[in-house]
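Me: Hi! Could you walk me through this one while I have it open in the viewer?

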Amino acid sequence: MRWIIPLAVLLVVILGVVAFLLMSLPPSAGGTTSPTPTSTPQSPATTPKPTTTTQSPTTTTTTATATQTAQPTYKWQLIGMYIASEDKVTTGNIPTQKPPSGYLTPVIVNATPTEAATVVEIGVLQPLSGRLASLGELSAAAAQLAEQDVNRYLSSINAPFRVRVVVADTAADPTKALDQMKALHSRGVKFYIVRTSGEVRAMKSYADENKLLTISVSSTAPALAIPGDYIFRLPPDDTKQVRAISKIIQDSGVKAVVAIWRNDDWGNGLVRGLENISRTRGFEVIRAASYDPQKGEFSTEVGVLARLVKDAIGKYGADKVAVVAFGFAELQTIFLTAKNYPELRSVKWFGADGSTGLSELLVPDAAEFAVSVGGFVSPKFAPARSPYYERVRSYILEKYKREPDSYAYNAYDAVWLITYSILKAGSADSEAVWRVFPQVAANYFGASGYTKLNEAGDRDSADYEIWAIVKG
């Protein structure tokens, strides 16, 4: 009987076979089995995520679908010009200019650069990291292009010196900028090309005490317009820029402007200047909040801005109210916070040169907000169109695949101005160069145009380009 399988064991075997066969059958159309994944999975970079869009008190959730809609792209677009001599905003093509006979210009020669016994180093202190890195790298690149062009020219005339650009990162931090200046000065560097008003403020005393000729490509704070110092500034100061900003606002029909701005020389100067000119332009300026640019979030300041904008809308109507936001790349965070306030999305926003052209504001969520509030229309010092302008522009476009900001042209010209001043002085002594620098600048036309300086050592006058963020 040992070959006879007990009945209980036989039943277990039968039930196991049946269960196996049932599991092998395909699921029915009405089953609850999970669907089989698609044969071509999307990569993490392209897989759409569920998004929540608030359109009204009712919240609608849109789930991901198999086909993703491409995210829109954004860009800065030149939309007009402010013509200072006529105090008007215009659109259309910008004419090419030619310098008068006898003016110094960049000299582009196809010569092989040779060595010289003397090398004059120029410290190019620009933000290569942090909130202005996308602009600082362009100015550094323009200065390096100028080094190549200058040394070919100096070789062609058998000049006794060559120039060398030494680039250092400031991260737009005034303390770090001063440290970089001191470090380069310790190795004998007497000439500097620097950037922001905050950095100039930090470096000014040290530059004056040590006779370090310092050229800023973008500092515009009126408080730094000081005659007789060792600081020269290639853009005009902001008393000129506020005329452009106020004219843009006036032409938009706005009656009240609510301001949020960086608490530094540049931001404070712009707000004061706008207040001073606003009455003649027919609108009032309401101060909402200044902020510490080193902060990482600005919810308190944006909350105050929203409250005052709401009050102004109640008085004038949304179409007669605007926001001016004077900042740098931290405006990305401010935009992302402001988009949560309906009142801030219902009015126009305007900016200034510190943020015009920043790639940080083209991040989709921030750029979408900018487009919804009129494009964040902003002015920037306008370099004159010329073959020298085109040389710098083509170089930057090829190297970085984006338009250079206006101040990159100033960086290119700064290297040439230092070079021509050394040639005129007959010496690389910084005090001798400082004495002749204004004369050279008054008779020079370069990538940025005419560089004549006023009594404070700042560019005497200029027009302004008008830019806006648009969908690409």
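**Helix H13 and beyond**

Reply: Happy to, and let's begin with a length check on H13: at 1.5 Å a residue, its 13 residues should span 18 Å, and the end C-alpha atoms are 19 Å apart, which agrees. Keep in mind that this is a predicted model.

Me: Good to know. Where does H13 bend, and by how much?

Reply: The bend is at Val436 and comes to about 40 degrees. A proline, Pro438, follows within four residues.

Me: And which residues of H13 are buried?

Reply: Those are Ser430, Ala432, Val433, Val436, Phe437, Val440 and Ala441. An α-helix has 3.6 residues a turn, so residues three or four places apart point the same way.

Me: What covers those buried residues of H13?

Reply: The cover includes E7, strand E8 (213-216), E9 and helix H12 (406-425).

Me: Switching to aromatics. How many aromatic pairs are there?

Reply: The count comes to 17 aromatic pairs. One of them joins Phe232 and Phe437, with 4.5 Å centre to centre and 25 degrees between the planes, and it is stacked. Phe232 sits in strand E9 (residues 231-233) and Phe437 in helix H13 (residues 430-442), so this pair ties together parts that are 205 residues apart in sequence.

Me: Are Phe232 and Phe437 buried or exposed?

Reply: Phe232 counts as buried at 5% relative accessibility, and Phe437 is buried too, at 0%.

Me: What about the rings of Trp266 and Phe328, how are they arranged?

Reply: Their centres are 5.0 Å apart and their planes are at 45 degrees, so the pair is tilted. It links distant parts of the chain, 62 residues apart: Trp266 is in helix H6 (residues 265-281), while Phe328 is in the loop between strand E12 (321-326) and helix H8 (331-338). Both Trp266 and Phe328 are buried.

Me: Which residues do ring pairs link into a cluster?

Reply: That cluster consists of Tyr103, Tyr388, Phe445 and Tyr450.

Me: Now the core. Which residues touch the most other members of the largest nonpolar core?

Reply: Out of its 62 residues, Leu274, Phe326 and Trp349 do. Leaving aside neighbours within four places in sequence, the contacts of Phe326 include Ile245, Trp266, Leu270, Leu274 and Tyr291. There is also a second, separate core of 53 residues, with Ala141, Tyr407, Tyr444 and Leu453 among them.

Me: Next, Gly357. Where is it, and what does it touch?

Reply: Gly357 is in the loop between strand E13 (348-350) and helix H10 (364-372). It touches Trp76 and Leu135, not counting residues up to four places away in sequence. At 27% relative accessibility, Gly357 is partly exposed. The C-alpha atoms of Gly357 and Glu403 are separated by 8.2 Å, and these two are 46 residues apart along the chain.

Me: Last topic, strand E17. How many of its residues are buried?

Reply: Six of the eight residues in E17 (residues 464-471) are buried.

Me: And what does E17 pair with?

Reply: Strand E3 (residues 74-83) runs antiparallel to E17, joined by eight bridges. Strand E14 (residues 378-381) also pairs with E17 in the antiparallel sense, over four bridges. Tyr464 in E17 has Tyr82 opposite, and Phe381 stands opposite Tyr464 as well.

How values were computed: Residues are numbered from 1 along each chain as its sequence is written. This is a predicted model: local features need pLDDT of at least 70, side-chain atom pairs count only at pLDDT 80 or more; totals for chains, interfaces and linings use all residues. Side-chain values use heavy atoms; hydrogens and water are left out. A nonpolar core is a set of buried Ala, Val, Leu, Ile, Met, Phe, Trp, Tyr and Cys residues joined through side-chain atoms within 4.5 Å. Buried means under 20% relative accessible area, exposed over 50%, partly exposed in between (1.4 Å probe, protein chains only). Contact means heavy atoms within 4.5 Å. Helices (H or I, at least four residues) and strands (E, at least two) are DSSP runs, numbered from the N terminus. Rings of Phe, Tyr and Trp (its six-membered ring) pair if their centres lie within 6.5 Å; planes under 30 degrees apart count as stacked, over 60 as edge-to-face and the rest as tilted. The expected span of a helix is 1.5 Å times one less than its number of residues. The bend at a residue is the angle between axes fitted to the seven residues ending there and the seven starting there. Two strands pair if DSSP finds at least two bridges between them.
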